Amino acid sequence: MPVGMIPLGLKDYAEISSWLGISRRLAERRLVCVVVSQTDGRRRVGVFGGTFDPPHMAHVLLAAEAVHQLDLDELIVTVAGVPWQKVGERQISPPEVRLAMCRSAFAPVERAHVSDIEIRRSGDSYTVDTLVALSEPQTTLFLLLGEDAAAGLDSWRRPHDVASLATIAVFPRRGHRQNALRAAVPKGFEAVDLELVGLEVSSTDIRRRVGAGEPIDGLVPASVKSLVAQHELYSGAAGESGR
Ligand code: ATP
């Protein structure tokens with residue numbers, strides 16, 4: 001929430017106190033109370049992590065909806081350097097290429113920016129380390145997850161620390177829809193439910209389509225399609241099963 005700051009000096013407080021007929025100290029306190037009650041003084045920051053191999057339209061839409069529905073001051077998209085839960089399953093594109101694709105894909109999303117914090121850190125990319133690094137005293141963190149990712153929360157590193165560092169915000173994912181979103185979240189974790197128009201798109205399916213020579217227009221931003229072609233990604237992914 002944007003906070004408007006007007007620097008006030010002692011003279012200003014003296015003048016305000018004489019207008020209001022109260023002491024200078026009380027004038028100071030009242031003004032502080034007004035600002036705090038309007039904003040609670042905390043920045044609202046969303047964190048949206050993923051492998052993004054490649055980023056697609058559901059990712060972009062989810063990011064824009066998160067900024068809107070959670071009234072975020074900032075959304076940080078974190079690209080996993082070493083997505084430890086996916087390593088070994090398939091070939092992962094180089095982090096710098098996934099970073100470049102994300103920078104172009106999320107550019108139109110207001111208040112969003114893409115961070116390489118997990119790429120610069122060596123070793124497996126654990127969300128808990130990212131949240132610790134992004135935590136600040138005057139910041140409320142929201143961790144954005146599709147419901148498939150939320151369902152696996154208890155398999156993460158230090159999951160309860162993750163939940164205490166950030167409010168977990170869960171988006172529905174087509175094909176994974178539970179009766180209630182909360183049902184997807186493991187027991188013992190608090191989460192808020194957000195809304196998302198169901199888009200049946202996944203990075204797995206995009207990779208498979210590229211490998212099979214099928215079109216990906218409309219499923220990824222045009223700039224991502226160009227980067228996929230430029231870096232000759234996913235040519236061997238025709239056999240990957242789609243979601
Ligand atoms: P893959 O198919 O390779 O597993 P993915 O499409 O799930 O990839 P990720 O980079 O793993 O993409 O996802 C990052 C985050 O975006 C996760 O929290 C995931 O749940 C969410 N997400 C991805 N696609 C969708 C979608 N279609 N609807 C809602 N959430 C999604």
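How many helices and strands does the protein chain have? The protein chain has 10 helices and 6 strands, where helices (H or I, at least four residues) and strands (E, at least two) are DSSP runs numbered from the N terminus. The model is predicted: local features need pLDDT of at least 70, side-chain atom pairs count only at pLDDT 80 or more, and totals for chains, interfaces and linings use all residues. Residues are numbered from 1 along each chain as its sequence is written.

The description begins with the sheet. The 6 strands form an open sheet with parallel pairing, in the order β3-β2-β1-β4-β5-β6; two strands pair if DSSP finds at least two bridges between them. At the edges stand β3 (112-115) and β6 (191-193), each of which pairs on one side only. From one strand to the next, the twist averages 30 degrees. Strand β1 (residues 43-50) pairs with strand β2 (residues 74-79) in the parallel sense over 6 bridges, and G46 has L75 in β2 as its bridge partner.

Helices pack against this sheet. Helix α3 (residues 57-69) lies across β1, β2, β3, β4 (139-146) and β5 (167-171), running at about 165 degrees to β1. Helix α6 (residues 127-134) also packs on the sheet, where α6 touches β1, β2 and β4, and its direction makes about 155 degrees with that of β1. Axes here are lines fitted to C-alpha atoms, for helices over the stretch in contact, and angles run from 0 to 180 degrees between N-to-C directions. Two residues are in contact if their C-beta atoms, placed from the backbone, lie within 7 Å.

The ligand is surrounded by 20 residues, of which the closest are G50, A58, G146, S203 and T204; a residue is near a molecule if its C-beta atom, placed from the backbone, lies within 6 Å of it. At least two residues of this shell come from each of α3, β4, α7 (147-151) and α9 (203-212). The most is given by α3, with 3 residues.

Helix α9 also has buried residues, namely S203, I206, R207 and V210. These cover an arc of only 100 degrees around the axis, which puts them on the same side of α9; the arc is that of the directions from the helix axis to the C-beta atoms. A residue is buried if 20 or more other C-beta atoms, placed from the backbone, lie within 10 Å of its own. What covers the buried residues of α9 includes α10 (222-230). Just after α9, G213 takes a positive phi of about 75 degrees.

Note on methods
A residue is buried if 20 or more other C-beta atoms lie within 10 Å of its own, exposed if 12 or fewer, and partly exposed in between; C-beta atoms are placed from the backbone.
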